[in-house]
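Please read the points below with the model open.

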Amino acid sequence: MQNLEIPEVISIQHLWAGYDHQPVLEDINLSVKELDFIGLIGPNGSGKTTLFKVLLGLLPPMHGEVRIMGMSVKKGRRYLGYVPQTVEFDQAFPISVWDVVLLGRLGKRGLLQRYTTKDKEYVAKALTSVEMLHLRDRSLSELSGGQRKRVYIARALAAEPKILLLDEPMAGIDLHVETHIYDLLKQLNQQITILMISHDIGAIASCVKTVGCLNRRLYYHGEKQITSEMLQIVYQCPVDLIAHGVPHRVFPQHLIEEIKR
């Protein structure tokens, strides 16, 4: 029986990136395979959002190479769907759920062209996938935080992405709503590769397949296990995982080794 290799959808090799000639990311190497669901954790300022900016073509690398679907970032970024941590909008502006998701189709048509029947079909499909089609005519300002998050995910899905980038998707979401978002992401991952970044270890542990630690440098081994050594290197202090006031381990126990500084 022939052993078929899983296609690579993102390739990052020896990436250095930053601002004003000061690197934020140092020698990042990462291979993302089709239908991976990778969670990257790290403290604020560790370079997580900078990594997404490079993938989206908003920040050029200082050094290294990034390929998306085997192409340059400029060509390959059309296969990306992006859900930012926060979206600023005028609460008084009466934009509907349908119109927000329709914006996701802008990159699929020429300048000044009208939306087509195909565009509308993809918007309806995206809203259905996040269970928000019944609220298509509702004003965005009338929705809860969890409902708006679903709308932003639908907007990204309307672009027909092969890869979904999620920046702190649970920010501002209560625990009850988080569970529904996790279930949604697991369903989407059956057809779409997902790369999610967060500073919340518990959020990452709930739904991803593999986990990495990022703080200027990336520690990723293609597994869901995170060693105490990796956490201490990234957070630069001992890390205790606590839920509902009771200490517990989200990830399997590892032997704690002394870190050589």
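1. Two strands are said to pair if DSSP finds at least two bridges between them. Helices (H or I, at least four residues) and strands (E, at least two) are DSSP runs, numbered from the N terminus.

2. This is a predicted model, in which local features need pLDDT of at least 70 and side-chain atom pairs count only at pLDDT 80 or more, while totals for chains, interfaces and linings use all residues. Residues are numbered from 1 along each chain as its sequence is written, and side-chain values use heavy atoms, with hydrogens and water left out.

3. The chain contains eight helices and 11 strands. Of its 261 residues, 44% are buried (under 20% relative accessible area, 1.4 Å probe, protein chains only; exposed is over 50%, partly exposed in between). Among contacts (heavy atoms within 4.5 Å) with a separation of 6 or more, 68% join residues 24 or more positions apart.

4. Strand 8 (residues 210–215) is mostly covered, with six of its six residues buried. Thr210, Gly212 and Leu214 lie on one side, and Val211, Cys213 and Asn215 on the other; both faces are covered.

5. Strand 8 has a parallel partner in strand 3 (residues 37–41), with four bridges. Within this pairing, Leu40 is bridged to Gly212.

6. Strand 9 (residues 217–220) pairs with strand 8 in the antiparallel sense, also over four bridges. Here the bridge partner of Gly212 is Tyr220. One residue lies between the strands of this hairpin, and Arg216 takes a positive phi near 70°.
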